[in-house]
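Reader: I have a chain open on my screen. Can you walk me through it?

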Amino acid sequence: RQGMYAVLDYAEAQARAVVREMPDGRYSFQDYMEGHVANLGAIRIALTLDVRGDELYLDFSDTDPQVPAAINMPTQAKAGHWMIVPALVKYFKTVNPFITYNSGMVRPVKLGIPEGSLLNPEPTAAVGTRAATMFRVFDVVCGCLAQALPQRIPAAGSGQGSIVVVSTVDLASGEKRISVVQPLCGGCGGRPHKDGLDGVDFS
């Protein structure tokens, strides 16, 4: 067990070294989920990112409340939650390709997400298409990082569509029909010194 903790501690130290290279400050960004299909209008995801020495504090307090649609994202406001941190983990890996890839990487990441919000809903909330929200959170985190590190962070890409499964009865035949709709993604956002890539949003 001591060896396991040492590996986690090592990954944490590597991540903290990357964070220390970021300029201290407070950076804010917001984006929206489309809730029009459920008559909800635009649903805001708002982040204020505080960089403090070797720690990052992600405050989602201004994000909209949970909604009566399946795009709520259950995080329980857990520090370093895996649906919140992908943009940071990828940034750490980009800066240090040899960083040890385990949960120690996200120990420097603290979260503030109010209960009952889109990103920390009540236990009974619908969450079936939370992956679409996760990709929008990725873009919001990158929006803050781009302010802190304008020469390193690409623009937002095309985003991600959720896979939709529809099961219904064919009215003509009476047979059950299942359709799977898997939306195609577009390209990625432009990079500080290059265009984006066509056909795939590499995030």
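Reader: Before that, what kind of model is it, and how are residues numbered?

Author: This is a predicted model, in which local features need pLDDT of at least 70 and side-chain atom pairs count only at pLDDT 80 or more, while totals for chains, interfaces and linings use all residues. Residues are numbered from 1 along each chain as its sequence is written, and side-chain values use heavy atoms, with hydrogens and water left out.

Reader: How many helices and strands are in the chain?

Author: The chain has three helices and six strands. Helices (H or I, at least four residues) and strands (E, at least two) are DSSP runs, numbered from the N terminus. The pattern along the sequence is α-β-β-β-α-β-α-β-β.

Reader: What does the C-alpha trace span along its principal axes?

Author: The trace spans about 65 × 40 × 35 Å. The accessible surface of the chain is about 11,300 Å², and carbon and sulfur atoms account for 55% of that. Those areas come from the Shrake-Rupley method with a 1.4 Å probe; for residues, only the protein chains shown count as cover.

Reader: What share of the residues count as buried?

Author: Of the 203 residues, 38% do. Buried means under 20% relative accessible area, exposed means over 50%, and partly exposed is in between (1.4 Å probe, protein chains only).

Reader: And contacts across the sequence?

Author: A contact means heavy atoms within 4.5 Å. Among contacts between residues at least 6 apart in sequence, 66% join residues at least 24 apart.

Reader: Salt bridges next. How many does a search of the whole structure find?

Author: The search finds 12. The criterion is a side-chain nitrogen of Lys or Arg within 4 Å of a carboxyl oxygen of Asp or Glu.

Reader: Which residue forms one with arginine 107?

Author: Aspartate 9 does, with the closest N and O atoms 2.6 Å apart. Arginine 107 is in the loop between helix H2 (86–95) and strand E4 (109–112) and aspartate 9 is in helix H1 (residues 2–20), so the bridge ties together parts that are 98 residues apart in sequence.

Reader: Now threonine 48. Where is it?

Author: Threonine 48 is in strand E2. At 16% relative accessibility, threonine 48 counts as buried.

Reader: What does its side chain make a polar contact with?

Author: The side chain of serine 28, at 3.1 Å. A polar contact is a pair of N or O atoms within 3.5 Å; within protein, one must be able to donate a hydrogen and the other to accept it, and residues adjacent in sequence count only if both atoms are side-chain atoms. Leaving out residues up to four places away in sequence, threonine 48 touches Arg26, Tyr27, Ser28, Tyr57, Leu58 and Asp59.

Reader: Last one: is histidine 81 buried or exposed?

Author: Histidine 81 is buried, at 7% relative accessible area. Histidine 81 lies in the loop between E3 and H2, and touches Pro74, Thr75 and Leu111, not counting residues up to four places away in sequence.
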